[in-house]
Every structure is written in C-alpha cells, then in structure tokens.
Amino acid sequence: FSSLTMIQISDMAARKIRSLMAKQGLTEGGLRVGVKGGGCSGLSYTFSWERESRMGDEVFEGPEGSKIFVDKKSYLFLKGTMLDYDTELMTKGFVFNNPNAKQTCGCGSSFGA
C-alpha cells in the first residue's frame with residue numbers, strides 16, 4: 001500500500017480507538033468505518049465497533065495496535081484519507097481528512113465525491 005491507497009490513523013485517533021475499546025471491554029477487533037448515502041453533502045461516514053473484520057474488508061493498522069475495518073465499497077471513497085480524532089467540544093469525534101471529498105459540510109461528518 002502507498003499513502004495514496006492507505007487509510008492512515010493519527011496518533012490521537014489511535015489512542016481514542018484503544019481507550020474506547022477498553023471501555024467496552026473489547027480486547028480484539030477495531031473500529032469499522034464506512035460511507036453511506038445521506039448527510040448534507042450526499043455521503044456520510046459511519047462508525048461501529050467490531051470484534052473482527054468481515055470477508056472482503058480492507059484492514060488498516062495504526063499506532064498502538066489500533067485497527068480499522070473498511071468494506072470494499074466504502075474504501076473507494078476513503079482511500080488516501082487520514083482518520084483523526086477532533087477534540088473540539090462542538091465537533092468532538094472521529095473525522096476524516098479526505099482528499100477525495102470535493103465538497104464537505106461544516107460538521108465534517110458528510111461529504112460529496
């Protein structure tokens with residue numbers, strides 16, 4: 001994988017993945033990230049916790065043993081992105097720095113490609 005095809009995980013996002021998994025008692029697995037239709041710009045991101053990847057998933061590992069699972073369809077929109085964690089009170093949560101997004105909305109959870 002080159003950085004153009006990878007999904008990278010920032011240190012901040014990696015720490016948050018590990019701490020949130022620990023809170024839920026998950027020792028295995030990672031964060032499933034996906035893209036679905038909807039949101040103010042046409043597409044929005046989805047996040048859920050999973051114990052293991054599914055068949056056909058792309059799996060990316062980040063710092064501190066953090067992992068994300070991405071289905072093939074979502075991967076087309078997310079390749080080359082960086083998963084980060086925003087600590088601002090109003091927008092707190094996982095965010096993608098997505099070079100593929102042609103337009104984004106202010107909330108950062110929706111984009112158009």
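**A guided look at the chain**

Author: The accessible surface of the chain comes to about 6,500 Å², and 52% of that belongs to carbon and sulfur atoms. Accessible areas come from the Shrake-Rupley method with a 1.4 Å probe, and for residues only the protein chains shown count as cover. This is a predicted model, in which local features need pLDDT of at least 70, side-chain atom pairs count only at pLDDT 80 or more, and totals for chains, interfaces and linings use all residues. Residues are numbered from 1 along each chain as its sequence is written, and side-chain values use heavy atoms, with hydrogens and water left out.

Reader: How many helices and strands are there in the chain?

Author: The chain has 2 helices and 9 strands. Their pattern along the sequence is β-α-β-β-β-β-α-β-β-β-β. Helices (H or I, at least four residues) and strands (E, at least two) are DSSP runs, numbered from the N terminus.

Reader: What percentage of the residues count as buried?

Author: Of the 113 residues, 39% are buried. Buried means under 20% relative accessible area, exposed means over 50%, and partly exposed lies in between (1.4 Å probe, protein chains only).

Reader: Which strands make up the open sheet, and in what order?

Author: The open sheet of 3 strands has the order S1-S6-S7, with mixed pairing. Strand S1 (8-9) and S7 are the edge strands, each pairing on one side only. Two strands pair if DSSP finds at least two bridges between them.

Reader: Do tell me about the pairs. How many bridges join S1 to S6, and how many S6 to S7?

Author: S1 and S6 run parallel and are joined by 2 bridges; there, Ile9 stands opposite Leu83 in S6. S6 and S7 pair in the antiparallel sense over 5 bridges, with Asp86 opposite Gly93 in S7. S6 and S7 also form a hairpin, with 6 residues between them.

Reader: Which residues of S6 are on the covered face, and which on the uncovered one?

Author: Leu83 and Tyr85 form the covered face, whereas Met82, Asp84 and Asp86 form the uncovered one. In a regular strand the side chains alternate between the two faces of the sheet.

Reader: New topic: is Ser74 buried or exposed?

Author: Ser74 is buried because its relative accessible area is 3%. Ser74 belongs to helix H2 (residues 72-78). Leaving aside neighbours within four places in sequence, Ser74 is in contact with Val33, Gly34 and Val35.

Reader: And Glu28, buried or exposed?

Author: Glu28 has 55% relative accessibility, so Glu28 counts as exposed. Glu28 lies in the loop between H1 and strand S2 (30-37). Not counting residues up to four places away in sequence, Glu28 touches Met21, Glu50 and Arg51. Glu28 and Arg51 are 23 residues apart in sequence and 5.5 Å apart in space, C-alpha to C-alpha.

Methods:
Contact means heavy atoms within 4.5 Å.
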